[in-house]
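Thanks for coming. I have one structure to go through today, and I will keep it short.

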Amino acid sequence: MQNKREVGAACEARVADRMQRQGYQILARNFRCRLGEIDIIAKKDGCIVFVEVKYRGDMSHGAPQEAVDYRKQQRISNAASYYLYTRHCAPETPCRFDVAAVSRDGIYMIENAFPYCGNFGG
């Protein structure tokens with residue numbers, strides 16, 4: 001039996017592989033900074049995509065995407081701001097926040113799952 005970290009890593013790898021097959025360039029995986037963590041950072045058609053991967057073995061605790069609450073969105077947004085700032089990206093760089101909901105039935109990608117809601121000052 002796999003532990004949560006192993007399951008999470010396997011799910012993130014599946015999502016990253018799928019994204020690459022769909023033409024995304026994976027820029028980073030498990031990006032961490034003092035403001036938070038982002039599971040996958042990718043780029044496609046000039047847009048930087050920040051992806052939170054959530055897995056649920058069953059729906060007894062709700063759908064995977066329901067775990068990405070406002071507080072989690074803030075942490076992801078702040079980490080994304082830090083990522084963009086430290087890579088000297090222009091303020092007008094197009095980006096979006098997606099959620100990859102992973103279950104035993106497969107992967108469901110939710111594009112533009114939430115708007116930027118951080119407060120990072122750069």
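First, the ground rules. This is a predicted model, where local features need pLDDT of at least 70, side-chain atom pairs count only at pLDDT 80 or more, and totals for chains, interfaces and linings use all residues. Residues are numbered from 1 along each chain as its sequence is written, and side-chain values use heavy atoms, with hydrogens and water left out.

Layout next. The chain has 2 helices and 5 strands; these are DSSP runs, H or I of at least four residues for helices and E of at least two for strands, numbered from the N terminus. Read from the N terminus, the order is α-β-β-β-α-β-β. Of the 122 residues in the chain, 43% are buried. Here buried means under 20% relative accessible area, exposed means over 50%, and partly exposed is in between, with a 1.4 Å probe and protein chains only. The accessible surface is about 7,400 Å², and carbon and sulfur atoms account for 45% of that. Those areas come from the Shrake-Rupley method with a 1.4 Å probe, and for residues only the protein chains shown count as cover.

On contacts, meaning heavy atoms within 4.5 Å: taking those between residues at least 6 apart in sequence, 55% join residues at least 24 apart.

β4 and β5, the latter being residues 106-114, pair in the antiparallel sense over 6 bridges. Pairing requires that DSSP finds at least two bridges between the strands. The two form a hairpin with 2 residues between them, and S103 has G106 in β5 as its bridge partner.

Now the cores. A nonpolar core is a set of buried Ala, Val, Leu, Ile, Met, Phe, Trp, Tyr and Cys residues joined through side-chain atoms within 4.5 Å. Which residues touch the most other members of the largest one? They are F31, I38, I41 and F50, in a core of 17 residues. At least two residues each come from β1 (25-33), β2 (36-44), β3 (47-55), α2 (70-86) and β4 (95-103). The largest share, 5 residues, is from α2. To take one member in detail, F50 is in contact with I38, I40, I41, A80, Y83, L84, C95, R96, F97 and D98, leaving aside neighbours within four places in sequence. There is also a second, separate core of 15 residues, which includes M19, I40, A42 and C47.

Cysteines are quick. The structure holds 0 disulfides, where a disulfide is a pair of cysteine sulfur atoms within 2.5 Å. For C89, the nearest cysteine sulfur is that of C95, 8.8 Å away. C89 is partly exposed at 26% relative accessible area, while C33 is buried at 18%.

On to charges. A salt bridge is a side-chain nitrogen of Lys or Arg within 4 Å of a carboxyl oxygen of Asp or Glu. How many are there by this rule? The count is 5.

One of them joins the side chains of R32 and E37, at 3.7 Å from N to O. R32 is exposed, with a relative accessible area of 59%, and E37 is partly exposed at 25%.

E52, K54 and K72 are linked in a network of salt bridges. K72 is partly exposed at 26%.

Last item, backbone angles. Most residues other than glycine have a negative phi. D45, although not a glycine, has a positive phi of about 55°. D45 sits in the loop between β2 and β3 and is exposed, at 76% relative accessibility. H88 is another residue other than glycine with a positive phi, near 55°. H88 is in the loop between α2 and β4, and at 73% relative accessibility H88 counts as exposed.

That is what I have.
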